[in-house]
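Please walk me through this structure, starting from its overall build and ending with the details of its side chains.

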Amino acid sequence: MNPETEYREGLDDLAAHYHQILTLLGEDPEREGLLKTPMRVAKAMQVLTRGYAMDAHKVLTDALFQEDYSQMVIVKDIDFFSLCEHHMLPFYGKVHVAYIPNGYITGLSKIARVVDIYSHRLQVQERMTLQIKECIAETLHPLGVMVVVEARHMCMQMRGVEKQNSITTTSEVSGVFHQAKTRQEFMNLISH
């Protein structure tokens, strides 16, 4: 799906709902500045949730290569944004991924694509971290995987506690990353 030209089924219905939402908020959806807003928002929401229409496992297997490399592979500082499923407000930050191959590697850009797929869904940071780790572990069968996600949540900045500088960090590990020494090596390599 090209997010700028192709949209999923239901786009017109989604726009109609946003038209009604504008009315319920006390706005006039027929005024000049809002005439195209329902469709713009509907298209934006389909782009922001395009991960539902994608298969992260297939992305990895499309670029799977046999390779006798058994040291840590790290892709760090992968920018992402997502929508929290509780308030549908953005959260955004960086994802750091490491895996130790067990006979197979994948294209480095595919790791970033996996992050994009899971982040382009209504999410919670904890689940997204787990999904990225599980996808890599189940598809590549490496000796271990570690994922660290650092994010700012607009639901904490714009509403509720209104804390502007808080960062939430989550991590998931499998295999050899359960060993403190291996985890620490990864953390040292991603530290800024």
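A residue is called buried when its relative accessible area is under 20%, exposed when over 50%, and partly exposed in between, using a 1.4 Å probe and protein chains only. Both Phe177 and Phe186 are buried by this rule. The model is predicted, and local features need pLDDT of at least 70, side-chain atom pairs count only at pLDDT 80 or more, and totals for chains, interfaces and linings use all residues. Residues are numbered from 1 along each chain as its sequence is written, and side-chain values use heavy atoms, with hydrogens and water left out.

The overall build comes next. Helices (H or I, at least four residues) and strands (E, at least two) are DSSP runs, numbered from the N terminus. The chain has seven of each, helices and strands. Read from the N terminus, their order is α-α-α-β-β-β-β-α-β-α-β-α-β-α. Along the principal axes, the C-alpha atoms fill a box of roughly 60 × 40 × 20 Å.

Of the 192 residues in the chain, 40% are buried. A contact means heavy atoms within 4.5 Å. Taking contacts between residues at least 6 apart in sequence, 72% join residues at least 24 apart.

Two cysteines can be looked at in turn. A disulfide is a pair of cysteine sulfur atoms within 2.5 Å, and the count here comes to zero. Cys155 is in no disulfide, and the nearest cysteine sulfur, that of Cys84, is 4.0 Å away. Cys155 counts as buried because its relative accessibility is 11%. Cys135 also counts as buried, at 1% relative accessibility.

Aromatic rings come last. Rings of Phe, Tyr and Trp (its six-membered ring) pair if their centres lie within 6.5 Å; planes under 30 degrees apart count as stacked, over 60 as edge-to-face and the rest as tilted. The whole structure holds two such pairs. In one, the ring centres of Phe80 and Phe91 are 5.8 Å apart and the planes stand at 70 degrees, so this pair is edge-to-face. Phe80 lies in strand S2 (residues 73-84) and Phe91 in strand S3 (residues 90-100), 11 residues apart. Phe80 and Phe91 are both buried. Phe177 and Phe186 form an edge-to-face pair, with 6.2 Å from centre to centre and 75 degrees between the planes.
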